[in-house]
Each structure stands twice: as C-alpha cells, then as structure tokens.
Amino acid sequence: MSDSIDRETFDHLVGLAALELDQQQADYLLRELNNQLKAIRELVAIPLDESVPASLHGVPFAPTESPALREDIWLPHQDPGEIIAQAPNTREGYIVVPDIPHTTLE
Amino acid sequence: MSDYEVVIGLETHIQLNTTTKIFCACKADSWFDPPNTNICPVCTGMPGVLPVLNKAAVEKAVVLAAAMHAELRPLSFFDRKNYFYPDLPKGYQISQYDQSLAFGGYLDLPVPAANGQPAYIRKVTIHKLHLEEDAGKTKNAGSERLIDFNRCGVPLVEMVTGPDLRSADEAAQYLIRLRQLLRWLGVSEADMEKGHLRCDANVSIRPRGATYLNPKTEIKNVNSIEAVRTAIEKELERQIREVEAGRRIEAWTLEWDEDAGVLRKMRSKETEADYRYFREPDLLPIRLEEAWKIEILKSLPELPLIRRQRFMDAYGLPEYDADILTTERNLSDYFETAVKAYGGDPKRVSNYLMNDVLRMLNEGGQTADQLRLTPAFLAEIIKLADAGTVNTSTAKTLLQKVEESGTAPAEIVAAEGLGKVSDDSAIRAVVLEVLAESPKEVESYKAGKVTLIGWFVGQVMKKMRGKADPTLARTILEELLA
Amino acid sequence: MELCDLPAYELSLLLRQKQISAEEITRACLERVDQVDGRSGALDSGELTAEDEHKVHAFITVTRERALNQARVVDKRLAAGEDPGLLAGIPFTSKDIFCVRGTPSTAASRILANYTAPYTATPVARMEEAGAVMIGKVNLDEFTYGSSNESSAFQPAPRNPWNPAHVPGGSSGGSVASVAAGEAALSLGTDTAGSIRQPAAFCGVVGVKPTYGRVSRYGLIAFGSSLDCPGPVARNVVDAALMLQVIAGADRRDSTAANKPVPDYLSMLEQPVKGLRVGLSPDYFRIAFPDAASGEYRERPLPTDIEAHVIKAAEVLASLGAEIVEDVPMPNTRYGIPAYFVISRVEAASNLHRYDGVKYGYRTPQPPGDLTQLYRKSRNEGFGLQPKLRILMGMYVSAAQYSAQYYQRALRVRTLMRRDFEQAFDKNGKYRLDVLLTPTTPTTAFKMGAVYGDSVLMQYADQLTVPANHAGIPGISLPGGLDENRMPVGIQLLGPDFSEDMLLRVGRAYELATETEDWRKIKPMVLR
C-alpha cells in the first residue's frame, strides 16, 4: 500500500475531480491530504474478521421501519420554469454548454 | 472474412414503460414535451434532493429478469456511478453495481436460415441485469451543446450479454427477439427510434478457432436495428483492415453518426473512467421478499419462443406460421383462443389469420385484442364455412361484416340471407332465367364451347348474390344444356 | 428580560394568552439582530473592522419581510380563534444548508451564492407549517466542512457570543450563535460528525442530533449522506423537545426517513430519572490523535476542567436517583475520526459532483474553450479549499484500487463502533445503560485562527461526537457549566436508536436540578 500521495497521483486526482489549482492551493491540499492519510492509516491495523460486515448506515433499518416504495402515480412539479431559471445560459428551453470535442475516424 | 471469427457482445438499455420516473413523480414519457418541462428538483439534481424508488420499476424489472431466466437477488443494492457529463445533473448515475437485482440468464436465439446456411439456435448469455436511471439528452448546435433534462430519471434496465454473438446479423436478430419479448411482457414500448431500447455493441475479431478475446471497441449511440447491423459491419471491416495492415486494435469508444453513416472516435480522455462506485446512501436496499416476488411473477406469461415451439408441436403449424403468429402476444392469444373455440384443424385458423385477419390488423392499425371480430366469431365463421352453410367467399366477406358491426356471424347470415342455397328448385328457376337471357351463349355451348359452363355458373351466382351452392348449380346447368 | 431572550415554551404561552403578538416577538428578534449581529456574511467582504470583531455575524440572509409576514399570519389565525400550530410565532433560524423556496440557499459557498431554491426542505416546511417564523438563514462552514465556522465563503464568519475572539464551533456555528445571542429561540442545524453538538457545547446551548432517519434530510444540501442528521438547537431542553416534535417523522421524499411513529416527547419530559442507568466510559475521557510530524498516535487525557464538569453532572443525576455505571468500555471510539475521514469524504466528493457550472450556481465568467474547461474553471473558482480537500480525499480513497483497503474497511470499522453502543445499551447485557454520559468536546471554544488550516487537528474536535454519527444513534449536548475563562462546557448524553425521549428526559432532569446554579445566571459577553 502507498503511504503517501505523490505529485503525479495528486495531479491525476485533480483532473478526475474536474478541478484546476494554482501552486499555492496545490501545495496546501497535497500536504493536508497526506496528513489526513496518516490518520486514516490507523484503520489498516484494526483486526477485522469475517464476522464484521460493512454498515452502510449505522441504523439497521429493519423491514418494518423501512419506508414503503413509491407508488407509480404522476405528480407534476408545480413550476419547472423556476428550476431552469437557475441555469447560467439557456436558449429556447435548453441549457447551453460548450461542446465536447470529437474526432471522426477515417 | 472467413479467416476471422467475429465476437460481439451487446449492452442494452431498456426504458421501462412505467407511468413515472424511477426516483421522482415526474412522468416517464416526455416524447411530446418541450425541453426541460417534465422535470422537478429531484430529477434535475437540485442541491438537497433525495431519490425515492418507484415500486412499478422494480416489478417490471423482476418480470424481465424472470423472462430472461436470470436469478433474482432477495436483497439488491443501488450504487453511485460517478462521472461528469452535462446530461447527468447529479454528476453520478444511480445504478446497481456488484449486487444487482438479477444476474445470469440467457436467451435461446433462433437464427433463421440464410445464404445456404441452415437455421440454428444461438445461446446468448446474460451477465448482469440491473436497474438504473436514464440521463438527459444533449443535442449538437454548432460549437455548443443543448441539454434537455426531460429524460433524466426514466427507469432503465441495463442488460449485458456475454461475447456470444458471431455476426452483425445475429446481433440484429437478438435485438428483434429482445424487442418482441419486451413488448410481449408489457415492460417496455421497445421502440428503438424513440430510444426505448438502446444498444451499445462491443466488437472484436480473432483468428478462426481461437478462444481468447482481443481488444474490443465499443460502438455507442445506435438507434435502429438496421443501424446496429450497418455500424457493426463497418467496424468489422475496419478492424480486419487494421489487423491485415499489421496494426493493433485499440479499445476505443466509437460513436455512430446516423446521418453521416460514419463512426467517430470519442476522445480517449473522456472515456477513461474510474467511476468510483459506492453504495448509494440515500436508498435502502431492494428487499424482494418471496411473497412479493410470487405476486409479481403471477403476471409472467408464456414466453414467445416457447409458445412458438408449442404452436409447432401441439398444433402442427409450420415454423413460418408459428413465427408470425407469435410475433406479438395479443395475436398469439387470439389464435389460441380461436383454435379452442373452433375445435378443428389449427392450420385452418392459422390460414384465416395469416391471410385475412393480419391484413385487417395492418390496415386498421389495431392489435388483435382490439378486434370486434373476436376469436369466437372467427371460429364460428370457419365452422359455417366447414358445414357448407356459407361458401368460402361469403366466409371472407363475413369477416369484414362482423368486424364492422360487432354482430355474431350467424345473425348476419340470417338477417342478410347469406346462407348457401342448396334447394334444387330455387337454383333451377334461376338457371332457366339465365338460359333464357343468354341465347347466344347457349348456342355457342351447344356448338361445343363447353368451357362456357363456368360463365353460366358465374351468372347464376351473381343473380343469387353468391349464396348458391356452385356444385349444384353446375349440375343443373349441365342437365338443362344437354 | 426581553421577549427575544424568553424560552419558546413561554413565548408560546404568552402568545396564546394574547399577552403578546407574534409580530412583537419577531420584531424583538430583528432588533436583537440589529444590535449584536453586525454585518451579515457576504462574498468578497473585505478586511475585518474593529467593530466586526465584537459582533456575532450569525447570518448570511436576514429574511426580515418574510418573517414579519409569517408573524402577521400567525396573529391573524390567533385572532380568528384558529389553532396556529405547535410552534406558532416562535422565531427560528435555519442553517443555510437547507433549501427554502424563494430564498438564497448558499451552503456558505461561492458556488451556490446566486442559487435560489425552487423548493423547501422538509424540516423547514414542517417548522413553518407549525407556525414558526424564520428570521433568516445562518452561516456555517462551507458545505458544513469544518468545526469552527471559519471556512465559510461568507465573511465575516460567526463569532462566539460568549467571547467574540473565539469560534462558535461548527459547522452549525451560525445556528448556535444566533440562539445563544437571542436572535432566535430555535435553530435548525445539521450534525454529520458533531456539527450540532460541538458548537452547542461551545456556545452554551442545547443541541440535539436525532437518530439517523428520525428527521427527514430532504432539502438538506448533502455532505455525508449516511451520516447527516438535521436537528434542533435551543436554549433549553423543553424548547428542543418542542422543535423535535415538529420536525421528526417519516417523509415520502426521504427513503431513509424511518417509518416509525414519533412519541410525544413533551408528555414524557419531566418524568423522574430515578433508577435509570447512566454510563461513564474511560474511552470518552481521552483523545487519541496523530502527531502531525510523525503520524504516530498519541493519547492525551482531556483537560481536567472538562472532565470535572462531566463527573459533576453524573453526581447531579445520581442525586436524582439515577444509577451511575462506571468503566463502560467503548474501545472503538478512537477509530471514529479515521473512519470518518474516509466515509464522509467519499460521500462528499460524490455529493459535490453536481456543482459544475451547468444547471445552477456559479459558472466561470472566463470564456470556456470546451466543456472540460468550463467544469474545471467553475469548480476551481466556486469551491473554497475545504471542499476541494474533501473532494480530493474522497476521490483517492474510493478509487477502484484503494476502495477495499480504505472505504470498504471504514464501513466495517463503523460496524465495530456500532457494536460498542449495542453492547452498552443491551437490555440483557452487562451494562444495560439507558444513556451514556460523556463530554461533548475535548476542549472549550478555541480562539479564531488557532486551529484553522490544520485540517487534521480541526477534525479531532469531533472525536467525541462522531461515533454517534457512525452508529446512527441519537445524542444531545447540554450546557454543563463554564470553564475558568467563562467559556461554556458541554456535556453529552448518548442513547440507543430512537431514544430521543429518554435523552430529553434525562437532559431536562439535569437542567432543572442545576437551574439555580450560579453559572446559569451568567450571560454571553455580547449580551452583558
């Protein structure tokens, strides 16, 4: 297992996260990440046998306490226009973004 | 081509025909809606919203899984598939990853005879079947993309086949059979043009006889069965060209441009993916309790390919008939009900259906269950014809009359006097009339032109509006002309 | 005493007796805001002034007109003889992590600064349906990521009313500061690792983290979706119970809101505590934290002052007839923070994916070349450092190749923490606790700037509160006295799933028993 995040891995993470950092930010974040990893490392040493399953939630949600699934009944939202009004750029009801580049195969 | 074996796997996305979306109460179908009007905070990923699972989506997926002979998990989980794309408002898709609703399964695909090859069955295995939400739509507009969220959150079943298909034709056949099954089960409209059924094809080639798998390309965005066939064929040709030129096939993602008829390579950077799947904390697992499962599967009908075989085995139908009569569930139910009501040779019912009823359906744009000509009425008409009560042409006219009026065939026959006339004296009177009105023809006949007998029979039938027993009319004519 | 300093339950009584009007209460709160709050948090707000350093700065948005209108509706309903609801006329603030239709809902982040919610969060909607009057939306750490409130993009950040040189705690810093300073009687906060209880302890108020699933999360801008709990902040236990009564219960918009009836918290509130079993665990009287330089774990006992206040509280409960059970082992407590570093980051990174400049919120003004540039620039300019840190850590520990060793493992460690509680509360077990009594925080409120920037040390402020979030169980923090610097000390009660009624009952008993103590008479510095 890797003990710390190197610059290359860090840059990869930044790309995956759709971020773009200046040097000062990058230095701070990389240092803090590695400090946090030191704390996280403690997890690796904890003995866990087969009888310890993962808990998605702490509360077990017994079937009787689990909410019923939704019935398939249409309830339109009162004002969809209010939602689209939040978008920074719209045209004729569409949200507008710059293109995603493609290359055509020969 | 013969040096290479083709290996194709299909990833299909099936829109379930529920009333509402999978995680919110917007309606699922927005085909006729302007962009971004069938949306709510949940399906547009507004901050703070939460998904609530549609029960009907689970039920339809369970029916489909059972029909694919897949194994259903009593406890299945939703996961988040994280990636950035403008049609994915939350930045993750709620899907099922390692503990999906169902796994395994297969479809025994009948491949028809073609190019001198006999028909055969291809077993197409299913790796995984899971529930997920659909993304929105994006549309090119010059250097920009336009985004419509109406489709976000439509329930999808993703079904992935093994690398089992061996030609573009088999891939097309698979989609035809899948579409038939989906409609048969009533779980999807399965209209590829409307995107109800979508397909990505993973395509590779290998030397004939090899058992390993070569790198594959993934073809996305193919919107019709014909396009799937064409796109795969194009890609196979390209792969063969590349390999023969000594180049390697790289695992690209390709997008099919329907209008231009070309494949475009998507930038590898965007397709390079670590989706960082993890359990969706906003949803509890699906508990498919035994009682619920049994309740759902009560509605599972006999499957089309099984019924097709049964029609051949039990009713002695030719494969051609059985195939056509099971294209659609209503039609096959209709056939079977009519056969039972009729009680005679099923092939006779099949003939009526294939020749006349199907034409009526096509012309009227109807399905079999919408006909006023019920299976019982059809059986009655065939029986009337068998008993000689009406002749064949009257029987065919009756089909139309029953469909138009919804009245029982026997009633129409009685009311309109369509019964076949076998009374010697009634026919004899008309024959005498015809002979009296046609002195020239009588002369010719007597001069030896005996082929005119058919014309005389026709005249008698015409006067009697088709009701005469033609055999009897002929005997009387021959007697009186002798 | 001014109206804005009265408990909610007294206001409710006066209102129904028609001695006061809802509008008068609301105006009293708005006046208090004018007196003590200073300028509201805003983007690019410039240098701090000398005056800023003495103000509370709880708010991002004061919804003055909206509040007055709501108050007038309550008064009309009262005049018409209608039942205006359990919280009629009671002023509250809402942490600005809750969406409220027609108001800016910012999460204290630049990326949502211009966002106006098109719907209202369930807990807020329930408060308003019960007649409560929302005074405004209060500040928090950006996206709730912090324990001091300093990371807000909306500055000046809230300050501790007991001493404005100190932090109010976080992330519900604006919530507790507004309640402690009498700007509202109640506040709706959220608790993911202690974000209600820790600041409640720092500001000397009551904070309740309900059982996960007791209160709907619909409309709460998500941080760690498997950990987040909305809950009440109040100045006394009765008010907290009133508020919980209103916001708790199943919600058809939240699949994790438990389908379980809500008990009548008020009717059980003043039942005796005689015979109840109250536990103390040595594992809650020390903290373990990694040394920044070496990464080695060091254990350190809590400050004696804090320990003494908890022991004192145990003695108070014992004097009321409760049985004190000592030496309850909670051995996995120390794993709370490491596991939290993993689970919350994975969930947070995913929850923050949606802020991409496409549909709402901030979009870079720079002309974007292509979509990738639009994403990167918008997110870089829109997010502060703390969200970026959480995103990157979440990306790292959930990457396919690391998920098993970090994320999957952390979920299993969560099971261990849950088992500690199950054993302590097991009705047939060795300890059979009704509640576990612990300190809320390892320290009292620290000075502004003292910890901020050190993300590890900051996180360890939650060490004693985060196990309840992992386990899903409820907890309450109560004012337990003042330290030598006259800063509040919090004591925490933890109980089994859905035992909020028990926690409130024990809390109320403690509150009544200490009602006349001297420290209860001391007011926060900004009100002196």
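Guide: Welcome! In this predicted model, two residues are in contact if their C-beta atoms, placed from the backbone, lie within 7 Å.

Visitor: Thanks! Which residues of α10(B) does α8(B) meet?
Guide: On the α8(B) side, the contact involves Tyr334(B), Thr337(B), Ala338(B), Ala341(B) and Tyr342(B). By class, the contact of the two helices has nine nonpolar, one polar and one charged residues. The partners in α10(B) are Pro375(B), Ala376(B), Leu378(B), Ala379(B), Ile382(B) and Lys383(B).

Visitor: Is α8(B) oblique or perpendicular to α10(B)?
Guide: Two packed helices are described by the angle between their axes and the distance between the axes. Here the axes of α8 (residues 329-342) and α10 (residues 375-386) of chain B come within 8 Å and cross at roughly 45°. That angle makes α8(B), relative to α10(B), oblique.

Visitor: Which strands stand at the edges of the open sheet of four strands?
Guide: The pairing is antiparallel, and the order runs β1(A)-β2(A)-β10(B)-β9(B). An edge strand here has a single partner strand, so one side of it is left without a neighbour in the sheet. The strands at the edges are β1 (90-91) of chain A and β9 (137-141) of chain B.

Visitor: Which residue in β2(A) is the bridge partner of Thr90(A)?
Guide: β1(A) pairs with β2 (residues 94-98) of chain A over two bridges, in the antiparallel sense. For Thr90(A), the bridge partner in β2(A) is Ile95(A).

Notes:
Residues are numbered from 1 along each chain as its sequence is written. Chains are lettered from A and ligands numbered from 1 in the order in which they are written. This is a predicted model: local features need pLDDT of at least 70, side-chain atom pairs count only at pLDDT 80 or more; totals for chains, interfaces and linings use all residues. Axes are lines fitted to C-alpha atoms, for helices over the stretch in contact, and angles run from 0 to 180 degrees between N-to-C directions. Angles under 35 degrees count as roughly parallel, over 145 as roughly antiparallel, 65 to 115 as roughly perpendicular and the rest as oblique. Ala, Val, Leu, Ile, Met, Phe, Trp, Tyr, Cys and Pro count as nonpolar, Asp, Glu, Lys and Arg as charged, and the others, Gly among them, as polar. Two strands pair if DSSP finds at least two bridges between them.
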